[in-house]
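Hello,

I am passing on the structure we spoke about. My notes follow below it.

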Amino acid sequence: MKNKSLVSIHDYSKKDYLRIMDLAEEFEKNPKKYGRLLSGKVIATLFFEPSTRTRLSFESAVQRLGGKIIGFTDAGSSSVSKGETVKDTIKTVSQYSDLIVMRHPIEGSVRWASEISDVPIVNAGDGANQHPTQCLLDLYTIRQTQKKLNNLTITMVGDLKYGRTVHSLIQAMSYFSPTFHFVSPQELKMPNEYKIFLKEKNIMFEEHKDLNEVMKKSDIVYITRVQKERFSDPIEYEKVKNAFVLKNDMIEGTKSNLKILHPLPRVNEIDQDVDSNQKAYYFKQAHNGVFTRMAIISSILGLK
Amino acid sequence: METKDMKELKVSAIKQGTVIDHIPAQSLFKVISILELQKMDTQITIGYNFESKSMGQKGIIKLADKFPSQKDLNKIALFAPEAKINIIRNYKVVEKDLVQVPDTIEGIVKCMNPKCITNHECVKTKFTVIEKKKVTLKCKYCEKITDQEHFEMK
Ligand SMILES: [Zn+2]
């Protein structure tokens with residue numbers, strides 16, 4: 001993994017996932033011990049489109065390991081708006097830094113950047129394509145809450161058509177014999193290519209229209225946002241928007257180990273009263289993002 | 001009935017070189033451009049809209065004194081999967097081959113995802129061939145699929 005860019009979840013093997021998770025756990029358990037691990041290193045965070053949450057999580061990860069940060073957010077404030085290409089920006093910044101964290105709205109731009117750059121690149125989201133650190137933090141969170149990764153029943157809810165986090169998670173979890181339940185509006189069902197992938201791997205999955213059907217079977221309920229823009233017919237959206245909202249009373253009678261996850265930001269797909277339920281885990285999940293990114297950065301730099 | 005001599009008149013035989021036969025007529029000009037024939041300095045005979053029993057109308061290309069590598073010839077497989085390669089020496093066919101769809105493809109076709117970096121910046125397309133029968137390509141950059149019905153020259 002040393003010096004190797006992380007652009008797509010497919011760049012890592014099962015062994016790599018496990019290594020990152022173990023390292024994230026080590027950082028979480030011993031926060032003080034690694035405060036100088038990145039000292040003398042400069043990490044660039046290049047956010048060609050804004051994503052405050054992801055950027056802060058990466059920057060917090062670097063700061064906690066004692067590294068320095070340079071970078072920009074939003075192309076408007078950089079030379080990109082003056083017409084500089086990804087190529088020139090990356091070539092230049094790779095002279096100033098030891099590792100680049102990059103987010104860009106164009107799909108494949110981070111892979112392209114990794115071919116040009118003299119230093120490794122970590123993808124912080126390239127349009128609708130990949131966001132591998134989110135996937136790794138999801139895996140870490142699932143393992144943390146269930147004390148294992150094998151043979152879990154995972155329910156995915158919401159926009160399963162465009163949601164890249166659910167697609168990556170399916171692929172990453174495929175190593176650990178899961179059972180999936182997919183709950184989504186008709187228009188946002190899981191695309192065929194992923195169902196074919198699961199069939200080829202002999203992984204069980206079922207599709208549902210009602211979340212209540214599967215709440216009691218689940219170890220993990222992973223909720224994603226249903227965006228109005230995704231519907232060709234706005235009336236369709238109005239009809240389904242409340243059918244995929246998690247309410248506190250729906251959690252009654254569920255398994256004791258059940259945890260509710262969400263990649264955030266949330267709009268209204270999880271009721272605010274759920275937040276205080278001990279099965280709600282999405283804020284802790286976001287916190288885990290910091291440890292996971294610490295693990296990814298330090299392992300790419302060959303420091304751990 | 002057509003005699004052998006009449007055929008000879010239509011397309012003159014070459015002493016040595018390569019004959020690419022069974023090119024679908026509608027792909028002939030794409031094949032010419034993929035092989036960059038305009039840059040070659042030898043005698044080239046191009047036949048267009050020839051009748052073919054198996055394909056309706058076909059194209060044929062004769063390259064005198066040129067023997068492109070199998071790797072280069074395979075590039076045309078995307079647009080002419082049934083093309084036959086005949087190697088000619090001393091007016092005789094000494095070798096016959098079919099083109100083969102390669103495992104990876106660089107350039108030649110566009111990624112059909114309009115949001116892909118290869119359609120925004122000057123980046124050469126790179127694909128993994130994930131299905132050879134009904135040729136299906138996966139973009140190395142955006143990871144999206146481009147299928148046979150959507151091949152467009154880059
Ligand atoms: Zn592409």
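Donors here are N, O and S atoms within 2.8 Å of the metal (3.2 Å for Na, K and Ca); water is not among the atoms, so sites may look incomplete. This is a predicted model, in which local features need pLDDT of at least 70 and side-chain atom pairs count only at pLDDT 80 or more, while totals for chains, interfaces and linings use all residues. Residues are numbered from 1 along each chain as its sequence is written, chains are lettered from A and ligands numbered from 1 in the order in which they are written, and side-chain values use heavy atoms, leaving out hydrogens and water.

Zinc site: the donor residues are spaced C-x4-C-x22-C-x2-C in sequence. They are B:C111, B:C116, B:C139 and B:C142, each through SG, at 2.3 to 2.4 Å from the zinc ion. The angles between the four donor atoms are 99 to 118 degrees, so the arrangement is tetrahedral (all angles between 85 and 135 degrees). Both B:C139 and B:C142 are buried (under 20% relative accessible area, 1.4 Å probe, protein chains only).

Core: the largest nonpolar core has 56 residues (buried Ala, Val, Leu, Ile, Met, Phe, Trp, Tyr and Cys joined through side-chain atoms within 4.5 Å). Helix α9 (residues 282-300) of chain A gives the largest share, seven residues (a helix is a DSSP run of H or I, at least four residues, numbered from the N terminus). Domain 1 (9-130 + 289-300) and domain 2 (132-286) of chain A both contribute, so this core lies between them (bounds come from an automatic or database domain assignment).

Regards

Key. Tetrahedral: all angles 85-135°; square planar, octahedral: opposite > 155°, others 65-115°. Buried < 20%, exposed > 50% of the residue type's maximum accessible area, 1.4 Å probe, protein only. Helix = DSSP H or I, 4+ residues; strand = E, 2+ residues; numbered from the N terminus.
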